[in-house]
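Reader: I want to learn how to read a model like this one. Please show me the entry first.

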Amino acid sequence: MSDTIIKLDAVQKVYYLDTVEVEAIRDISLEIRAGDFVSIAGPSGSGKTTILNLIGCVDKPTSGTVIVNGQRTSDLDDDRLTELRHRSIGFIFQTFNLIPVLNIRENVELPLLLDGLSGSESKAEREKWVDFLIDSVGLKDRMLHKPAELSGGQRQRVAIARALVMKPAIVLADEPTANLDSATGESILRLMRKMNETFGTTFIFSTHDPDIVEEADHIIRLKDGIIVEDRRIVEDQDDKLGFRPSVRATSPEATSTGLNGIEATGTEGSQP
Amino acid sequence: MISARLAWRNLGLHRKKSLIIGLIMGLGILILFVGNSLIDTTISGLRRMFVEGYTGDLMVTGPTEFSTTVLGETAGSEEVLPHIAQIKKYEDFLISRQDVASILPILSGQVSFGIGEEELGSGYCFGVNISDYRAFFPDNVSLLSGEWPEESDEPWVLLSEPTYALLQQSSNTEVKPGTKIIMTALANSAGTVIREVSVKGIIRFNQSNEQLSGITLVDADTMRDLLGFASLRDGAPQLSEHEAAFLTDFDPDSLFDNLFASQTILTEGEEQPEIVSGVSSEDMLENAGLGTIQVSSSTTVTAEIVPAWQFLLVRAKKGANTSKLLDELQAFSEQLGDGDRVQDWIAGAGKVARTAVTIRLVFDLLVAIIAVVVVMIMMNVLVISVNERLHEIGTLRAIGAKRHVIRSMILYETTFMALIAGAAGLIIGFILLLIMGKVGIRAPNLFFEALFGGEILKPVISIGAAIRAFLWILAMALAACWYPTRLAVRIEPVVAMRGE
């Protein structure tokens, strides 16, 4: 049985548009276990992004409790929430959100640079880790390119590497395949799955694509701001995969075997 | 540092906006640098000319409600010309100081010149002890012909070149050393005074303008006569005991006490009302340049000699703090309680220097007004820039950038622009000033000629002006980015989750 890494209890989120109150989600309670590969599905306006925002500590609930990695988000001030996001959560955005003025290597390295390169690891170790991640997502030869010079799928691969660079416990992906063609979308999903399996990182992604939804171990379906289905496909992930890393990878050597086989040079490369 | 790297790269990415702000900043720094250099050149030229040639660093004048310059702007505007009653005390005070190099008492006024009965023109005169004057202004006066006067000489005059030319043109008599000329002045307290003096030489002021080059030097006693002060040429006045007592006790107003007896009948025991006297006997003594009367046991008394001087010029030692000296001299003057005025060279120099300083103030005011407008334009451009980067900033916030990272990114951007545009503006300004320094700016009229201290102004590159201009631009840039920075740090990370 895995530990609960995310817990939402009776969460409600209301947005105020002028004088109109819009209840995006209501009475949402859910638990996500560490290492799960979770999909949040539902049509547009069902509250998928709102839940990701709350889990990602970029928004606070109107009522209810959100606990992320053991911390109640409503108790934290802006700096602590930023710290929590920085240390524990990686983001993959629908529109990739790479920084246009930085090259691929710098984009992946960016969260580490925000950290001021502090911590126990040396600069050389960190650079090795960045290179390893870029290699893992199949963009070693594009390292010095700018995001504008890459296809959509390649950009999303960069975003995945960036999301993992801080070795977070959770990666949130908001419709990561929505702006990609289906082949590229599948490739991205496979890459995410592989990262999930290799690093033991909890991946939570939102989607409205029914095929992609079914790729997850844990499916949460929303409709009109409430959960209509919360289903764990495999109760014990160890049974499904036959292996599960007990410790998250912390060095390229620890994980290199598991990542080199990913289809990192998928079909998305042709779309600039 | 990541915020600096992001800021630098963003300048390149948003070239058009960077160029707009950069141009504004560059132009601003160029105007400030060149404008301030021109003003600095003018003021430092004027300062050098006046301090080294006419006023010294500081100037003490007698009590007056009018502004007083070394050219005696107020001469004739008061019944009794102001003079420094306790000049000896000032001299003692100043000589004892470590920061004072030298002092010089002078007299000043406007005088008419003539030969025989012919009046030929007028001009400003300084009444001086020539050896003291030459020691105080060693480099400013050249003798073109004749010789320097001696202390024992008869009343003398050193004609300035323009005055000499005027007399030469207007008179049938050849003017040369030894020529007797008539000097006439309207001394308010003594009526019209006429003195004959001998031309001792023709002089030229090495640093001068149209007005200053015409100043004529005359011996101090003659100048005192012309201004209505008592001359000490004949030594101390010898007074009988009776005369001394008369001058001490005599109240001229008492002569008129009974003129209006019907209105001033007093009842017994009523006190005599105080009569306000316009000119007291003390005033008369004072105006005569005489101080306390010392009555001796003999039948005659000798008045203590205090020659009247209108101005006491003070030259500070090189590197001395003249502001401190001014403050302390002012405090000393207040202690003496005569109401004397202590002023700097600008007040002593008069209209021209005040105009230059006023031009600087006006320029600074204009710069301040333009700065406000420029700051608004820059702020708008920066706000647009921040709004266009909502998504990028939101992403940075989402992936862990704290607010201070965003703040420093915007600050770096603005500072980089200020540095680049500032450097460009300074380089262009430097080149412009070099060219102007070679070619020179010709004064369009006499006013500017006075201001420039000559027909052509050759501006010098002022490092102070460059630093001031740069600091101005930096301050403007920081002011302009204050609001955009506030906007940027308020961008919430949730913005990153929205579509672009």
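Author: Start with one term. Two residues are in contact if their C-beta atoms, placed from the backbone, lie within 7 Å. With that, take A:Ile204. Leaving aside neighbours within four places in sequence, A:Ile204 is in contact with A:Ile32, A:Val38, A:Ile40, A:Leu52, A:Ile55, A:Ile170 and A:Leu172. Keep in mind that the model is predicted.

Reader: Which residues touch the most other members of the largest nonpolar core?

Author: A:Ile160 and A:Ile204 do, in a core of 116 residues. The largest share of this core, 11 residues, comes from H13(B).

Reader: How far does helix H13 of chain B reach from its first C-alpha to its last?

Author: Helix H13 covers residues 403-439 of chain B, 37 residues in all, and reaches 53 Å. That is close to the 54 Å expected at 1.5 Å a residue. B:Gly440 follows H13(B), and its phi is positive, near 90 degrees.

Reader: Now confidence. What is the mean pLDDT of chain B?

Author: The mean is 81, and 82% of the residues of chain B reach 70 or more. Helix H9 (residues 322-336) of chain B has the highest mean pLDDT among them, 94. Strand S10 (residues 290-294) of chain B has the lowest, 43. Over residues 261-299 of chain B the pLDDT is below 50. Beyond near neighbours in sequence, that stretch still has 39 contacts in the model.

Reader: What are the ipTM and pTM of the model?

Author: The ipTM is 0.85 and the pTM is 0.68.

Reader: How many residues does each chain give to the contact between them?

Author: Chain B gives 21 residues and chain A gives 22 residues. On the side of chain B, helix H1 (2-13) and helix H12 (390-398) each give two or more residues. The largest share of that side, 5 residues, comes from H1(B). By type, the side of chain B divides into 11 nonpolar, 5 polar and 5 charged residues.

Reader: Next, strands. Which faces of strand S12 of chain B are covered?

Author: In a regular strand the side chains alternate between the two faces of the sheet. So read every second residue together. In S12(B), B:Phe311, B:Leu313 and B:Arg315 are on one side, with B:Leu312, B:Val314 and B:Ala316 on the other. They are all buried, and both faces are covered.

Reader: Which strands pair with S12(B)?

Author: Strands of a sheet pair through backbone hydrogen bonds, either parallel or antiparallel. Strand S1 (residues 58-61) of chain B runs antiparallel to S12(B), joined by 4 bridges. B:Met59 has B:Leu313 as its bridge partner there. Strand S2 (residues 100-115) of chain B also pairs with S12(B) in the antiparallel sense, over 6 bridges. B:Pro105 has B:Leu312 as its bridge partner.

Reader: Is the pairing of S6(A) and S7(A) parallel or antiparallel?

Author: Parallel, over 4 bridges, with strand S7 at residues 170-174 of chain A. A:Ile92 stands opposite A:Ala173 in S7(A). Strand S6 (residues 89-92) of chain A has both faces covered. A:Ile89 and A:Phe91 are buried on one side, A:Gly90 and A:Ile92 on the other.

Reader: In what order do the strands of the open sheet in chain A lie?

Author: The order is S2-S1-S4-S5, with antiparallel pairing. Strand S2 (20-33) and strand S5 (71-72) of chain A are the edges, and each pairs on one side only. Inside the sheet, strand S1 (residues 4-17) and strand S4 (residues 63-68) of chain A pair over 5 bridges. A:Lys7 stands opposite A:Ile67 in S4(A).

Reader: Last one. Why does B:Arg360 count as partly exposed?

Author: Because B:Arg360 has 16 C-beta neighbours inside 10 Å; buried would need 20 or more, and exposed 12 or fewer. B:Arg360 is found in helix H11 (residues 351-388) of chain B. Beyond four places in sequence, B:Arg360 is in contact with B:Ile39 and B:Ile43. B:Arg360 and B:Asn36 are 324 residues apart in sequence, yet 7.8 Å apart in space, C-alpha to C-alpha.

Terms used: Residues numbered from 1 in each chain as written. Chains lettered and ligands numbered in written order. Predicted model: local features only at pLDDT ≥ 70, side-chain atom pairs only at ≥ 80, totals over all residues. pLDDT = per-residue confidence, 0-100. Nonpolar A, V, L, I, M, F, W, Y, C, P; charged D, E, K, R; others polar. Pairing = 2+ DSSP bridges. Expected span 1.5 Å × (residues − 1). Core = buried A, V, L, I, M, F, W, Y, C linked by C-beta atoms within 7 Å.
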